[in-house]
Amino acid sequence: MANYIRKYGKMVDELVKKSFPELKSCKIRFIEVPRFFPFWSFVQRGFGSFFIFLNKVYRKLDDNAVKGGLAHELCHIVLDHQYRGGLNDFLHNFIKYWSSSFNTKMSRKIETEVDREVIRRGYAGPLLASHNAGETFFSKKIVEMLHARGYLTPEQIKSYAKKIGNGDYSWN
Ligand SMILES: [Zn+2]
């Protein structure tokens, strides 16, 4: 486990250095959750740090896809979408991801906004890779649920990247 955590930490350091300068002084930690959890990842503020919860599936992804997923979580921090922290909020977040209450209009709007921010920061290619990986590693039922949560589809990722003229991407 430690090796993976170290790898994620290194990738986040690189992302922050290159594209998220405002997060330079943030402490970011990782917690892996079992594969049966119905989400990729989420970020939670607490105890003076940000915790990125990652599904164990991440271990199987190629680096580009991992980068896309991590960039998505950093954009949640940048756009200030976490709760204030504390144990209650941790529990709330977990329950939210298990329940259909996550599929509210507000949550969908947030995920769409975050994916767009990922593209604006120059990570359309990795974002696309992470979405494609999701289709491979999760069951059809979970993929449908994830789509309902407002994440951009591959077509939407490409067209938004084109629209804003962000050329810093590759589709593989
Ligand atoms: Zn998200």
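**Figure 1. Helix H2 lies across strands E2 and E3.** In this predicted model, H2 runs at about 35° to E2. Helices (H or I, at least four residues) and strands (E, at least two) are DSSP runs, numbered from the N terminus. The angle is taken between axes, which are lines fitted to C-alpha atoms, for helices over the stretch in contact, and angles run from 0 to 180 degrees between N-to-C directions. Residues are numbered from 1 along each chain as its sequence is written. Local features need pLDDT of at least 70 and side-chain atom pairs count only at pLDDT 80 or more, while totals for chains, interfaces and linings use all residues.

**Figure 2. Three strands make an open sheet with mixed pairing.** Follow the strand order E1-E3-E2. E1 and E2 are the edge strands, each pairing on one side only. From one strand to the next, the twist averages 25°. Strands count as paired here if DSSP finds at least two bridges between them.

**Figure 3. Strand E3 pairs with E1 and with E2.** E1 (residues 28-33) runs parallel to E3, joined to it by six bridges. Ser 41 stands opposite Leu 54 in E3.

**Figure 4. E2 and E3 form a hairpin.** Two residues lie between the strands, and Phe 47 in the turn has a positive phi of about 55°. Six of the seven residues of E3 (residues 49-55) are buried, so this strand is mostly covered. E2 is largely enclosed by the rest of the structure, because five of its six residues are buried. Buried means that 20 or more other C-beta atoms, placed from the backbone, lie within 10 Å of the residue's own; 12 or fewer makes a residue exposed, and anything in between partly exposed.

**Figure 5. Helices H1 and H2 pack at an angle of about 60°.** The axes of H1 (residues 2-19) and H2 (residues 63-78) are 10 Å apart. On the H1 side, Tyr 8, Met 11, Val 12 and Leu 15 make the contact, and they meet Val 66, Lys 67, Leu 70, Ala 71 and Leu 74 of H2. Contact here means C-beta atoms, placed from the backbone, within 7 Å. By class, the residues are eight nonpolar, no polar and one charged. Ala, Val, Leu, Ile, Met, Phe, Trp, Tyr, Cys and Pro count as nonpolar, Asp, Glu, Lys and Arg as charged, and the others, Gly among them, as polar.

**Figure 6. Helices H5 and H7 are roughly antiparallel to each other.** The axes of H5 (residues 124-137) and H7 (residues 154-163) come within 10 Å and cross at roughly 175°. Angles over 145 degrees count as roughly antiparallel, under 35 as roughly parallel, 65 to 115 as roughly perpendicular and the rest as oblique. In H5, look for Ala 124, Leu 127, Leu 128, His 131 and Asn 132, which meet Pro 154, Ile 157 and Ala 161 in H7. The contact has six nonpolar, two polar and no charged residues.

Definitions and conventions: Two residues are in contact if their C-beta atoms, placed from the backbone, lie within 7 Å.
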